[in-house]
Amino acid sequence: MSIAPIAAPVRVRTRAIPDPGRLIELLPDERGPLCWVRGSEGLVGWGEVARFNTRGPDRFEAADAWWRSFTSRVEVTDEVGLPGSGPVAFVSFAFSPDSDESVLVVPQVVVGSRDGVGWITEIDAGAASRLPSMRRVAPVRRATGVRYSEGLQSVEGWRRAVSEAVRRMRRGDLFKAVFAHDLMATADEPLDPRFLLGGLAERYPTCWSYAVDGLVGATPELLLRRTGTEVSSRVLAGTNWLGELSGSDADELGPALLASGKDREEHRYAVESLVDRLRPLCAEVHAPAEPSVLRLPNVTHLSSDITAHLDPADPPSLLRLAGAVHPTAAVGGTPTEPALRLIAELEDMDRGRYAGPVGWVGARGDGELGVALRCALLSGSTARLFAGCGVVADSDPDTEVAEAAAKLVAVRSALEGRPL
């Protein structure tokens with residue numbers, strides 16, 4: 001693990017400001033934008049006061065310990081007192097303990113908006129890091145000449161992996177596994193992450209648009225939100241799309257999904273996985289008896305909103321909760337360990353931070369973490385796009401390939417700047 005040096009003392013001030021408007025439009029340039037925005041609310045940040053990189057099975061505990069240590073040394077003046085004010089770290093965790101490094105980034109400047117209140121948080125860690133808090137915004141550069149090639153996992157290789165997984169599930173080895181698929185995009189010039197981020201936010205205003213250390217996406221799935229002793233989560237599992245139902249229209253997608261035994265079974269595994277892992281850490285956990293339907297422009301999902309209450313005497317932090325519940329069946333499988341072994345064997349690639357927790361954490365252990373879905377990892381003029389599908393015994397490999405392609409449309413259309 002690595003830790004960026006921190007100058008002392010660290011002073012943090014949060015003050016109210018007039019309505020900041022579209023938060024993503026405030027990001028000053030393409031160098032490492034930080035973002036967690038849904039509609040008109042959320043956080044954006046820039047500059048870097050501190051960074052913590054970690055990996056391995058204890059990455060959540062290590063990140064939590066570092067963040068507690070950092071916040072214990074800051075002098076905070078918070079004139080707002082809302083979730084997201086005061087010191088904030090943007091976080092992105094690797095899916096696997098053996099995968100790419102997980103990261104926490106503490107920005108120098110954060111602008112937030114919630115419940116009609118706007119604020120700015122500035123961190124002064126010494127003269128070396130002092131910059132103007134609000135800088136002139138550089139023009140956003142469109143991506144040009146975008147072209148695609150197969151990723152680390154070819155389409156045919158992925159189809160074979162799904163086929164083998166289905167064979168083992170029918171044999172009774174496990175119930176579900178979630179396989180990732182990637183696609184490479186190359187542009188004529190270095191990509192501006194703000195262009196992709198803004199495009200996703202515009203197309204998917206009900207999703208959480210995020211950017212952390214080059215990973216840019218828009219997720220419909222909230223892994224965990226902690227506010228004091230209140231915890232909530234939105235579980236998504238079970239998907240269909242218009243192309244899957246020949247001769248149908250969009251109004252038929254929801255009823256068809258609710259009537260699908262395969263999708264209902266996949267969703268049940270995901271809900272039970274999260275509830276079972278939350279229960280030892282919570283005083284109460286509540287899950288709906290039936291899923292609802294979440295419609296997005298390109299796909300439709302089965303959705304369940306989970307709520308829980310922590311013991312006020314010793315409420316675990318958001319990062320501790322994340323370490324306990326990740327990976328849920330929605331992104332890993334059921335049972336967890338056999339599913340993860342099967343993914344490692346058949347997926348044949350490092351998915352990095354795809355499907356890992358992403359979001360922000362505050363000084364009091366509160367925050368919001370989504371599941372890093374519908375995303376791309378940007379590096380210079382290239383982007384690695386990701387999508388994934390839950391596979392159960394009734395899955396059809398050709399249908400899963402089509403579902404992954406349908407999910408990739410979200411990032412492809414935003415990267416190309418075209419409508420869905």
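## Terms and basis

Ala, Val, Leu, Ile, Met, Phe, Trp, Tyr, Cys and Pro are classed as nonpolar, Asp, Glu, Lys and Arg as charged, and the others, Gly among them, as polar. This is a predicted model, in which local features need pLDDT of at least 70 and side-chain atom pairs count only at pLDDT 80 or more, while totals for chains, interfaces and linings use all residues. Residues are numbered from 1 along each chain as its sequence is written, and side-chain values use heavy atoms, with hydrogens and water left out.

A cavity is a set of points, on a 1 Å grid over the protein atoms alone, where a 1.4 Å probe fits but cannot get out; lining residues have an atom within 4 Å of a point. Points are joined across faces, edges and corners, and a volume is the space filled by probe spheres set on them. Five cavities of 30 Å³ or more are counted.

## The largest cavity

The largest cavity holds about 210 Å³. Its lining comprises 23 residues, with Leu-236, Ala-330, Leu-373, Gly-388 and Lys-407 nearest the centre. By class, 11 are nonpolar, five polar and seven charged.

Helices (H or I, at least four residues) and strands (E, at least two) are DSSP runs numbered from the N terminus. At least two lining residues come from each of β12 (176–186), β16 (230–240), β24 (382–392) and α8 (397–416); β24 gives the most, five.

## The second largest cavity

About 50 Å³ lies in the second largest cavity. Its lining includes Glu-221, Arg-234, Thr-328 and Ala-330. Two or more lining residues come from each of β15 (222–227), β16 and α5 (261–278), and β16 has the largest share, three residues. Seven residues of this lining are nonpolar, two polar and two charged.

Methods: On a 1 Å grid over the protein atoms alone, a cavity is a set of points where a 1.4 Å probe fits but cannot get out, and a pocket is an open set with protein on both sides within 12 Å along at least five of seven lines; lining residues have an atom within 4 Å of a point.
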